[in-house]
Protein chains: 4
Amino acid sequence: MTRPVAALRSAYSEFIPLSLRWNDVDKYGHVNNAVHFQLFDTAVNNWLMKNGLFQSEAGPICLVVRQACDFFNEIQMNDHVEIGIGIKQIGTSSIVYAPALFTNDHISAAAQGDYIHVAIDRVTRRPTTLDDATKTVLTRLLLNNT
Amino acid sequence: MTRPVAALRSAYSEFIPLSLRWNDVDKYGHVNNAVHFQLFDTAVNNWLMKNGLFQSEAGPICLVVRQACDFFNEIQMNDHVEIGIGIKQIGTSSIVYAPALFTNDHISAAAQGDYIHVAIDRVTRRPTTLDDATKTVLTRLLLNNT
Amino acid sequence: MTRPVAALRSAYSEFIPLSLRWNDVDKYGHVNNAVHFQLFDTAVNNWLMKNGLFQSEAGPICLVVRQACDFFNEIQMNDHVEIGIGIKQIGTSSIVYAPALFTNDHISAAAQGDYIHVAIDRVTRRPTTLDDATKTVLTRLLLNNT
Amino acid sequence: MTRPVAALRSAYSEFIPLSLRWNDVDKYGHVNNAVHFQLFDTAVNNWLMKNGLFQSEAGPICLVVRQACDFFNEIQMNDHVEIGIGIKQIGTSSIVYAPALFTNDHISAAAQGDYIHVAIDRVTRRPTTLDDATKTVLTRLLLNNT
């Protein structure tokens with residue numbers, strides 16, 4: 001097991017600020033770990049919506065087949081949070097994102113994830129191939145350093 | 001403003017046990033108040049599903065137009081929780097539930113709510129009349145003491 | 001039962017923008033009703049923190065003894081949401097807030113709540129009297145029209 | 001990237017049933033992926049509480065430093081859910097759990113996780129060594145097949 005290393009802000013070009021909630025904090029006085037997965041999920045989907053991907057009523061949707069997160073620092077409710085989103089790999093029907101959570105002015109991530117989407121047909125629920133127009137838009141998020 | 005009085009278990013005939021989650025507890029070391037509304041929502045919908053009401057793909061759905069809850073006692077994560085559900089009033093298109101949250105062996109509610117469903121048409125999103133068969137099933141939950 | 005009337009933006013002087021999350025949306029394609037209570041809870045506590053009330057490690061904390069919400073319009077995940085917060089009544093140890101949820105450019109609330117805090121002693125968990133300095137700050141949120 | 005394989009019920013000796021909630025379902029009509037992390041978190045902490053580990057007011061607490069989950073099958077709100085919990089590795093101050101989510105009568109997991117706890121001192125927030133008594137209890141959860 002290799003020790004994960006926190007990503008730097010400089011690795012990301014796209015950031016999505018998200019607000020925390022009072023009930024996100026658990027009995028240990030910090031934001032509960034399960035909240036991070038909600039934030040990554042939200043950031044990725046916000047970006048897709050903003051860029052018009054997978055928004056057609058009849059077209060494919062993306063299901064999460066894997067999420068992972070390494071937690072480096074505890075977060076408080078009044079921290080300012082931004083999710084950096086980047087893509088590590090674009091496959092035939094899958095997209096591997098590497099979301100990272102940054103707080104306040106810190107340059108290294110407080111938490112960092114793997115997030116894998118698979119595009120499926122809405123009805124058959126089977127994987128479907130990403131079309132070229134979609135891949136071209138996704139390419140904008142490709143991380144330089146991986 | 002009259003002070004609310006906690007309901008007794010004896011007022012209810014139907015109870016739905018629900019488990020709590022680690023992240024339900026907030027920084028004050030008790031279950032956060034917003035969780036109760038999730039539990040009431042779940043209990044009501046579980047009962048409707050179990051009784052086959054509003055389960056048709058094409059038929060009406062029920063939207064919540066009001067929820068309210070008075071909190072009498074703090075709840076801990078390892079308390080055993082049961083939601084008592086009863087109905088106070090069945091209208092033309094609305095159903096007024098009175099859910100109550102009971103913990104462990106306590107006979108009076110730790111929290112108690114108002115919960116109002118309005119049946120709407122799935123497509124037009126406009127209120128629709130409750131049919132007689134549905135009303136008959138709902139009648140089983142009518143509270144005696146109101 | 002009188003029909004509730006949606007508040008107007010003009011009744012409020014303080015607004016707190018909060019972001020929605022992908023998982024806030026339920027199977028009916030709108031923001032689930034229980035989310036509104038998380039947002040009201042967050043807005044009130046954010047305002048208290050920002051104004052330095054109830055932030056002392058040894059001083060009183062505020063517990064929610066009642067929340068209620070009337071839902072007027074369905075909300076979508078990409079709606080811009082702001083919570084208007086105002087106070088209807090300041091008691092000996094209680095504060096009655098009237099939070100309202102506004103979306104986008106709409107002037108009337110999509111949802112509107114009652115939210116009652118009671119100040120308690122952190123250790124005894126018994127109600128404690130609000131001091132004058134606290135009351136003075138709270139007075140800034142008093143709604144004109146009630 | 002190797003394709004993850006779903007664990008079998010037979011690999012686990014300990015199962016914790018947990019109820020789902022109405023708001024767990026997202027707009028795609030299935031339980032949202034972030035919910036699984038709440039369930040794993042709950043199952044692990046329930047087991048620790050039940051076995052009296054890390055329950056001392058002054059003793060160490062366990063923070064999550066990593067969670068991961070592979071999602072194999074979509075889950076519906078009325079599925080019966082049990083979390084199988086087992087331990088893959090007990091370190092000096094860390095515990096690596098392998099939680100798995102089973103539905104209804106299925107023998108292979110619908111979702112499967114990695115979950116790493118690090119024991120820390122409550123005040124200094126620095127890692128602390130697991131004592132022998134704790135390790136002995138944790139050993140009961142060690143998975144045979146890893």
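**Chains and their contacts**

Mentor: In this predicted model, 15 residues of chain D are in contact with 15 residues of chain A.

Trainee: Which elements of chain D each supply at least two residues of the side that touches chain A?

Mentor: They are helix 1, residues 33–50, and strand 2, residues 61–71, of chain D. Strand 2 of chain D provides the largest share of that side, with 9 residues.

Trainee: And how do the residues of that side of chain D divide by class?

Mentor: The side of chain D that touches chain A has 9 nonpolar, 3 polar and 3 charged residues.

Trainee: In what sense do strand 2 of chain A and strand 2 of chain D pair, parallel or antiparallel?

Mentor: Strand 2 of chain A, residues 61–71, pairs with strand 2 of chain D in the antiparallel sense, over 5 bridges. Within this pairing, Q67(D) stands opposite C69(A).

Trainee: What rotation superposes chain D on chain A?

Mentor: Chain D is superposed on chain A by a rotation of 180° with 0.0 Å of shift along its axis, and the RMSD is 0.0 Å. The two copies are therefore related as by a two-fold rotation axis.

Trainee: Which residue of chain D comes closest to the rotation axis?

Mentor: That residue is A68(D), whose C-alpha lies at 1.9 Å from the axis.

Trainee: Let us turn to chains B and C. How many residues of chain C are in contact with chain B?

Mentor: There are 15 residues of chain C in contact with 15 residues of chain B. On the chain C side, helix 1 (33–50) and strand 2 (61–71) are the elements that give two or more residues. Strand 2 of chain C gives the most, with 9 residues. By class, this side of chain C comprises 9 nonpolar, 3 polar and 3 charged residues.

Trainee: How many bridges join strand 2 of chain B to strand 2 of chain C?

Mentor: These two strands run antiparallel and are joined by 5 bridges. One pair of bridge partners is C69(B) and Q67(C).

Trainee: A change of topic: what do strand 4 and strand 5 of chain B form?

Mentor: Strand 4 and strand 5 of chain B form a hairpin, with 3 residues between them.

Note on methods: Residues numbered from 1 in each chain as written. Chains lettered and ligands numbered in written order. Predicted model: local features only at pLDDT ≥ 70, side-chain atom pairs only at ≥ 80, totals over all residues. Contact = placed C-beta atoms within 7 Å. Helix = DSSP H or I, 4+ residues; strand = E, 2+ residues; numbered from the N terminus. Nonpolar A, V, L, I, M, F, W, Y, C, P; charged D, E, K, R; others polar. Pairing = 2+ DSSP bridges. Least-squares fit on C-alpha atoms with pLDDT ≥ 70 in both.
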